[in-house]
Amino acid sequence: PIIPVLIGDDGKAFRMAGALEDEGVVVNPIVSPAVPPNSSLIRISVMASLSDEHIETATRKITKVGKAQGII
């Protein structure tokens, strides 16, 4: 499944995606015109091959980066 996480601002979505990539978590930023203005998001793709540990690690990193970016 794909999990959308609303960010809102295009710049924040790109910064969040870049910071997550630096942490080893690859997500896709989706910005306008693909979505309406102020509706930017990141898309997190979850695959069956990921272990519970992978998902827990990614969740910790997403939380860490989200707080550092002022999104959470």
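**Exercise 1.** List the residues that Ser40 is in contact with, leaving aside its neighbours within four places in sequence.

*Solution.* Start with the list itself: Ser40 is in contact with Val5, Leu6, Ile7, Gly8, Asp9, Asp10, Ala13, Ile30, Val31, Ser32 and Val35. Contact here means heavy atoms within 4.5 Å. Strands (E, at least two residues) and helices (H or I, at least four) are DSSP runs, numbered from the N terminus. Last, check the surface: Ser40 counts as buried because its relative accessibility is 0%. The cut-offs are under 20% relative accessible area for buried and over 50% for exposed, with partly exposed in between (1.4 Å probe, protein chains only).

A quick word on the ground rules. You're looking at a predicted model, where local features need pLDDT of at least 70 and side-chain atom pairs count only at pLDDT 80 or more, while totals for chains, interfaces and linings use all residues. Residues are numbered from 1 along each chain as its sequence is written, and side-chain values use heavy atoms, with hydrogens and water left out.

**Exercise 2.** Work out which elements give two or more residues to the largest nonpolar core.

*Solution.* First, find the core: the largest one has 13 residues, and Met16, Leu20, Val27, Ile42 and Ile62 have the most contacts inside it. (A nonpolar core is a set of buried Ala, Val, Leu, Ile, Met, Phe, Trp, Tyr and Cys residues joined through side-chain atoms within 4.5 Å.) Then sort by element: helix H1 (10-22), strand S3 (40-45) and helix H2 (52-68) each give two or more residues. H1 gives the most, with five. Now zoom in on Leu20: not counting residues up to four places away in sequence, Leu20 touches Val25, Val27, Ile42, Lys61, Ile62 and Val65.

**Exercise 3.** Decide how H1 and H2 are oriented to each other.

*Solution.* Look at the axes: those of H1 and H2 come within 10 Å and cross at roughly 135 degrees. These axes are lines fitted to C-alpha atoms, for helices over the stretch in contact, with angles from 0 to 180 degrees between N-to-C directions. Finally, name the contact: H1 brings Met16, Ala19 and Leu20, and H2 brings Lys61, Ile62, Val65 and Gly66.

**Exercise 4.** Compare where Ala68 and Ile3 are placed, then find out how exposed Ala68 and Ile3 are.

*Solution.* Ala68 belongs to helix H2, and with a relative accessible area of 68% it is exposed. From Ala68 to Ala19 is 49 residues in sequence and 9.4 Å in space, C-alpha to C-alpha. Ile3 belongs to strand S1 (residues 2-8) and is partly exposed at 39%. Leaving aside its neighbours within four places in sequence, Ile3 is in contact with Ile42, Arg43, Ile44 and Val46.

Technical notes:
Angles under 35 degrees count as roughly parallel, over 145 as roughly antiparallel, 65 to 115 as roughly perpendicular and the rest as oblique.
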